[in-house]
Every structure is written in structure tokens, then in C-alpha cells.
Protein chains: 2
Amino acid sequence: MMDWRNDRMRVKALMEAKESAGEVFVQGWLRTVRRSKGVTFLALNDGSCMSSLQIVVGDNSPAFAAAEDLGTGSCIGVRGEMVASPGEGQAWEVQAAEIVVYGATDESFPMQKKRHSFEFLRSIAHLRPRTNAFGAVFRVRSRIAHAVHSFFQERGFVYVHTPIITANDCEGAGEMFRVTTLDPDNPPMIDGRVAWHEDFFGSKTGLTVSGQLQGELFATAFSDIYTFGPTFRAENSNTSRHASEFWMIEPEVAFADLAVNCQLAEDFFRYMVEYALENCQEDLAFFNQFVDKGLIDKLEHVIKTPFQTMTYTDAIQRLQNSGQKFEFPVEWGCDLQSEHERYLTEKVVGGPLFVTDYPAGIKAFYMRRNDDGKTVAAMDLLVPKVGEIIGGSQREERLDVLQHKMREFDILPESLDWYLDTRRWGSCPHAGFGLGFERFLMYITGMENVRDVIPFPRTPGSARF
Amino acid sequence: MMDWRNDRMRVKALMEAKESAGEVFVQGWLRTVRRSKGVTFLALNDGSCMSSLQIVVGDNSPAFAAAEDLGTGSCIGVRGEMVASPGEGQAWEVQAAEIVVYGATDESFPMQKKRHSFEFLRSIAHLRPRTNAFGAVFRVRSRIAHAVHSFFQERGFVYVHTPIITANDCEGAGEMFRVTTLDPDNPPMIDGRVAWHEDFFGSKTGLTVSGQLQGELFATAFSDIYTFGPTFRAENSNTSRHASEFWMIEPEVAFADLAVNCQLAEDFFRYMVEYALENCQEDLAFFNQFVDKGLIDKLEHVIKTPFQTMTYTDAIQRLQNSGQKFEFPVEWGCDLQSEHERYLTEKVVGGPLFVTDYPAGIKAFYMRRNDDGKTVAAMDLLVPKVGEIIGGSQREERLDVLQHKMREFDILPESLDWYLDTRRWGSCPHAGFGLGFERFLMYITGMENVRDVIPFPRTPGSARF
């Protein structure tokens, strides 16, 4: 029941205790201070769980004087007896015998007892982890990140750190950030253009938008691999769903076709939701109560419902025959908009839905051409209330088809010679998908702005902290 | 014993089987093809383990014709009977009844049977995972990454994704890469200098050199946190130990002094080495035989040896009294060089050694000033054969002392107002350390060049793949 440090006890362990541990020592920050006649109540939180521990300081306690100056936000240590709490809402409390004040505070502390908007708290992102909501968000983020690794490691996948700085400019969709060490005020120029060969890496480089291409290289050696790392988009879009820096999970599996890929995505998605329901109960209960009523029902429903599969061509037909008015017109060849995706998953099938086999023209160059010549072996997983949450495909493993496709997409095959080498020697069918980690966190927590599930979000105009 | 996909069996599971699984289906790449009269032997590797599976194709097998064209590097699937192997070195083999060829190869495949130098293999980093050595390196990298998470999660630490793009230019030592979306050929200028406020984030930004400052913010909410992410150095140094992009692990612990920090570092280091010895046996045996003879002895010795502690001042005295000739002179105030560190850990104590309390002038601004006014509460863990492998400190939690220190280091306190806020309201003593993930991997594998433990290394002049 003790901590890795044997001189203190975490609040979580104390709250979950079946019997009193006797004299305990706890440390943390005060969420509230409440004074009544002859007794002071302190709510001490140490981040190990949502709940704060009630500290009771009676006026006969040697700690009573020390408690006099404490305010919301103070940092203290308390030694005292752990006793059954007569109050409601907690099993245990601590009767303080000794208080150590590590860090005082004053009324300028921006997070006094009253509730603050998420917008305001974003402006003090360095302090917001000390609130209930963001304490919960970042504990869940940590647990779910571990769940990602556990899922794949249990299945023998190899974790690959794909590079962040890249010289490829065709990795996927999206604008790239440039990475450079050239003198910004006076870069070396040739014929009026920057001489990139004099830059740090001897070429023009940027921040990766996806680890997929390099992940594929590793899949052709280890068979089953996954990446989990930061990716970047230099898009000047200020929406609640887009950040310039976010984490992606990208498994890649050799000898897999689209069906195996869908199976893996379904197993993964279920595992993650179940993991959250089992391991983040207290935090999810908070979100369910204050952020997104019905959240837990939604999560429990999604893992009980069979995942269905429908081709893009079928989906288009279902949308066209629905009689529903959509803002964006529906016709074969168009990209599915969020309204279409949500209609399909919410109204048509009432649960998670894989849409497969999209038109080649609206998907990336590396997706495998189907025999019809018009579609590619792509798949998107749509879920109620969100729409697309996972996107993937079988990859084109035929060298000649891939080279042809690259030229069609105006990508010089020579620029990705190393990528093509995997098709040149011992090529194998393979498939994979990507899940935006933050998008999944928004799904699990009900938080509606991506800036509220990233510790220190980077968005256009903002790289503070 | 079956795989997450129930239509195939991984080579690792097959090799470890206690009894035959009967008819099996395996998929992978051929490491060697050996033909003798009436029978062909294929060594099939699927990346799940170092060992390749022997496939026996007799001339009475329907697969015999398919095996005729196979060469090193081919990608195939094999269905056949798993039987006890009469040959040496393996318990099981598979008698092929059917062979599916996914990807042929030819003699231009750069990795034929002969051994290649690590230098050569670096030039084909996209193919080298298919060799024994790099298969082992990247399997170990994956397992050890998981061990990092397991260690901290088991102890209730919160994993924090600190930002990659940062507007702080004083995070730590080292030159930074700039991140920008301004038109490189024609950036907006004011008075002959780039107008950074027009850049994507509204200010000059770069790639992080450390997540520590942001980690500290989270430690003042969750108490125990860790980071594990990529960090960057734009240093133009071409050594075997420096990469421009590498992964760091940085735990940060509230209510910890230097002694608790050392305890955590020792527990962590032992855990990781023990984890490798237990979970990466086959791969470590390979390194022990071919890369670094004595490796396993070294690792077993280090976890059996008590970790010792010595102040920097004592260490200087021991070095000065040693009678040893050093290339770099030893005097109080100097930075310890690798030769000094190795002498201390190898000759003076013969095991892992924490050196503590370094002169303030050679350490970072955020380290806590000791009462002597001359030293700071820093610690480095030195290990035999390497020297420094972990560096950390208690952080300065006193607002006035920290502000004073920042000015001494020519850092404007206003530029880190958010960092100082944690000392302003509810400040707490805290400490942490950093471990370079690649440096640890070099220690565990015996690989001598950092480029050989990173999937696609970034170094000056090189960002290929």
C-alpha cells in the first residue's frame, strides 16, 4: 500500500485502502481550505487521483497554527492519523498532527475555488493540470498511451521510432514545417533561391506528417510493427479539431489484406475503450457528469455493438437513397464529409462502421489498386458522434503499379527509391492504419477541443509554454 | 500458441513450442537458400525472433518446383508439417507441402549471405532490419521502450507529451533547429531582420532540446511524472555518440531531494538492465557473441553491485591524488571529462557511482543552490565502460534564488514567466533526471555507434529515408 518512496503515501492508495494505515504522511496541493469554529478542513490533492483527501486540523492540534495561513493552491505535507471519515463522500480522512508548508500562495493565484471556463484555463496551461478536469484529462492521456503500447506489445508488434525530421515532401497530405539552421537574415542563395545543400542536413528538410513510409520498411523485416510519435501539420486552420503538433499511432502489418487490417483496427479500438472503462473509472465518471452526459453509455454501447463493413460505393448509394438533405452533395467520387459519415454510422448501421474501397483519386498514392481499376483498398472506421476515427489501407506492393501511380500523382519515383526497394526485393502484401491519439482522447473523455487534451497545444499563432 | 491472426504462426512461438502444432502456416523472408541433392533448405525469418526457421522441401513435395526460383531475400508463405528437427541448432523444422511466393528477388539484392560491415548497412538503413544484428537491435529497442513505460506506470507516474516545437530558447544546453513556414526565398523583413511575428506561431520557434521545464509544470500537479519523446541538437559534431534527433526519458518528482532522485535513478537503471536480461535473452546472446564479448557479464555485474555516491569535491580530490596521468587537467571547477568519469567508476569504486554537488558555474540555471553557495544539488550517474549515463538535479524551488540565478545566466526571468509561476504559488521541492534512450541502448547492446541503434538516424549532412 506504500508508495515507491517509503516515506509517503499517495492519496489514491489511501482512498482505496480497506483498513487504516495508522499514522500516514501525505503531500500535495490544497484545492480548498474551509474554516469553521475550532476546526479547519483542508482538501489535499496530489494528482494520483481525482479525489482530494480531507485533512482535519482541530484547534487542539499542534498543526493548527500552521494551517492558519494556508490558502487554495498551497503546497504542504501532513503527518497524522488516518481515520474513518464521519463526513459524506469519503471513507477516510487524516487528522493532522503536523503540517509542513513547502510553498505558500496568495490571492493572486489564478485558480481560486470558483469554476473556470476551459478557454480561460487554456491561457494558463501551466497551471490547469491542478484542476479536476485537466487532472482527469492528463491522467487518462497517460493511461491510454500505456494501453497503446500494451496492446501491441502483447501481440508481438515491434515499436518503431520513425524520424521526426524528414527530407521527404510527399509523405502524406498536409503542409510541412521547414527545419533549418541557415542564417535566417542572410541565408546562402543561388540564383535568387536558398541554397538548401548548405543547410544542416545537406538538403531541404521538414517535420514529418506521418511515419507510415518508414513503418512499412520495418514491417518488411519484423512483420508486425507500430509507431507512436509526434506528427505535424503546418495548416493555418483554427478549428477545435486541428492542432499543428499531435501524436499518431500507426501500425503496419505484413501479409495483411484489408480484412485483416479491419480486424486489427476493431480489436485495437475495443481494447482501448475497454481499457479506459476499466482503468480510468473515476476520471470517466467525472467527464460523464460534467463534460459529456451519456459518455459512459456511449463507450459501453460501442464495444457491445458488432462492427459492420460497407463499401464506399454502397455507402454512396445508401446516402443517395436516404432522402436526407445534406449540405454537401453526394455523388460517387466525392470525399465523404463529416455529415455523411455520421449519418452512415449513426442512422444507417447504428454502430461502428468500416467503409472500404474508396475511389483511387481521393486517396493517397500508396494505396493498393483494386481489380476494378477505379477503387483502392482503403478503409475508414466511422463511429457515432465523431465520424472517421481511423483511416488505413492495404498498400500497393506491386512495383510497376506503384511506379505508375506515383507518376500519376506527380511524385518522382526516384525521390523514394528506398521506399520502392521494399517492392523490388522480397515484396509482400501489407496493410496498416493511423489513429490520431488526440482524436481518440476526445472520443474517450468527451472533451470537445483538441487544445484541451494536449498538455501544451501548438496551433497557428500559439507556441507558448 | 497461435498468433493474433489465427491463420498463421510466428516463428518465435514455433521455436518455443513444447510440442508440435501439426500443420502450420508461416510467412517471412528467406535468409538463406541451400540446395542439395533432392532437397532444398530454406531459412525463413519473420522478425519475431533472431532465429530463422528451417523449411525442408523434398523433391517429392508439391512445393519443390516453387522452391526452385527462390533466393536470399525472397518473401514467401509456407504450409507444412511441424516436426522435430534431426539437424543441430533447432528443435523444430517445417516440411513444406505448399509454398506461396509473395515477392521474388534477384542477385541485385544488396544483402546476400555474406557478412556486411555496419558502415555499409548504414547506407541501406531501409533494408538492414532484415539482418541478424539490426533485427536484434530494433527488437531490443522496442522491448526496452516498453520497459520504460512499465517501470513508471507501475509506480503511478503520469506520462507527459511535452511539446516538440517550442518558443523557448533557453531550455538547456545545445544549439536549436529553427521551425518555420516563412517563404525561405523571400521572408518578410523589418530593418534587415526576419519579422518572426509573421511566422506560423507568431514568434521564432525551434525544436525542443529537453522536456524538463514543461515536465516540472506537470510534476507540480501530479507529483510523479515522466516524459519519453524526441529531442534535438543542431550541433555540427560528427561523432559516434551524437545524433541530431534522439529520444530522451525525463522523470520529474515533486517532494524529492537529491537522495530520492538518486534512489529513483538507481531503481530505474537496475529495472531496465534486469528487464533486458530477462526479456531479450536471445538478442543479447547475439551481441555478447558477435558485437561485445563480455556484454552479459558486464550487465549482470552492474545490477549486482551496490551503487555508490561521492561529491564532486571528493571526486576531484580522488582524481588529483590518484597519481594517474589524464589528458585533461583536474581541478575544482572543471567539468569532468570521460576519462575522469571512467577512472572514478572503473578504478576508484569499481561499479556504478553517483557524483553529486557540482560547481554551480558548470551546471544549468535551474539546479538548486546548495548552502555552501558554490555548488548545486546536481547528480550524474557514472557506469563502467561508458562514464556518465544519467544526469539530473534537484531544481531550484525558491523564487528569489531562481530569479537571481537566471539573471546571472543572462536569461530574462520574464521570458519564462510561466515557469516561475510554479515557484510563485504552491512551490514545492522537486527533482528529476534525464536518460538518453540511445545511450542506454548502446550500453545494453554493446553497439558502438549511435547511428546503429536509431532506425533512421539524423546526423549533420544526412536525413535520408
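The model is a predicted one. The pattern follows a general rule: side chains in a regular strand alternate between the two faces of the sheet. Strand 2 of chain B spans residues 39-45. Seven of its seven residues are buried, so the strand is largely enclosed by the rest of the structure.

Strand 2 of chain B has pairing partners within its own chain. Strand 1 of chain B, residues 23-36, pairs with strand 2 in the antiparallel sense over seven bridges. One of the residue pairs here is L30(B) with L44(B). Strands 1 and 2 of chain B form a hairpin, with two residues between them. In the turn, G38(B) has a positive phi of about 75°. Strand 3 of chain B, residues 53-58, also pairs with strand 2 of chain B in the antiparallel sense, over six bridges. There, V39(B) has G58(B) as its bridge partner.

Strand pairing also links the two chains. V179(A) has V179(B) as its bridge partner.

In the whole interface, 120 residues of chain A are in contact with 120 residues of chain B. The area buried between the two chains is about 9,400 Å². Carbon and sulfur atoms give 63% of this area. On the chain A side, W4(A), H161(A) and W425(A) lose the most area to chain B. Together they account for 10% of what that side buries.

Polar and charged groups also meet across the interface. The rule finds 55 residue pairs in polar contact between chain A and chain B. It finds eight salt bridges between these chains. One of them joins R10(A) to D224(B), with the closest N and O atoms 3.2 Å apart. Helix 4 of chain A (residues 132-154) gives the largest share of the chain A side that touches chain B, 12 residues. By class, that side has 58 nonpolar, 38 polar and 24 charged residues.

Helix 5 of chain A covers residues 212-222. Here 11 of the 11 residues are buried, so the helix is largely enclosed by the rest of the structure. Among the buried residues are L213(A), E216(A), L217(A) and F218(A). S223(A) follows helix 5 of chain A and has a positive phi, near 75°.

Definitions and conventions. Residues numbered from 1 in each chain as written. Chains lettered and ligands numbered in written order. Predicted model: local features only at pLDDT ≥ 70, side-chain atom pairs only at ≥ 80, totals over all residues. Heavy atoms only, no water. Contact = heavy atoms within 4.5 Å. Buried area = accessible area lost by both parts, 1.4 Å probe. Salt bridge = Lys/Arg side-chain N within 4 Å of Asp/Glu carboxyl O. Polar contact = N/O pair within 3.5 Å; in protein donor to acceptor, adjacent residues only side chain to side chain. Helix = DSSP H or I, 4+ residues; strand = E, 2+ residues; numbered from the N terminus. Nonpolar A, V, L, I, M, F, W, Y, C, P; charged D, E, K, R; others polar. Pairing = 2+ DSSP bridges. Buried < 20%, exposed > 50% of the residue type's maximum accessible area, 1.4 Å probe, protein only.
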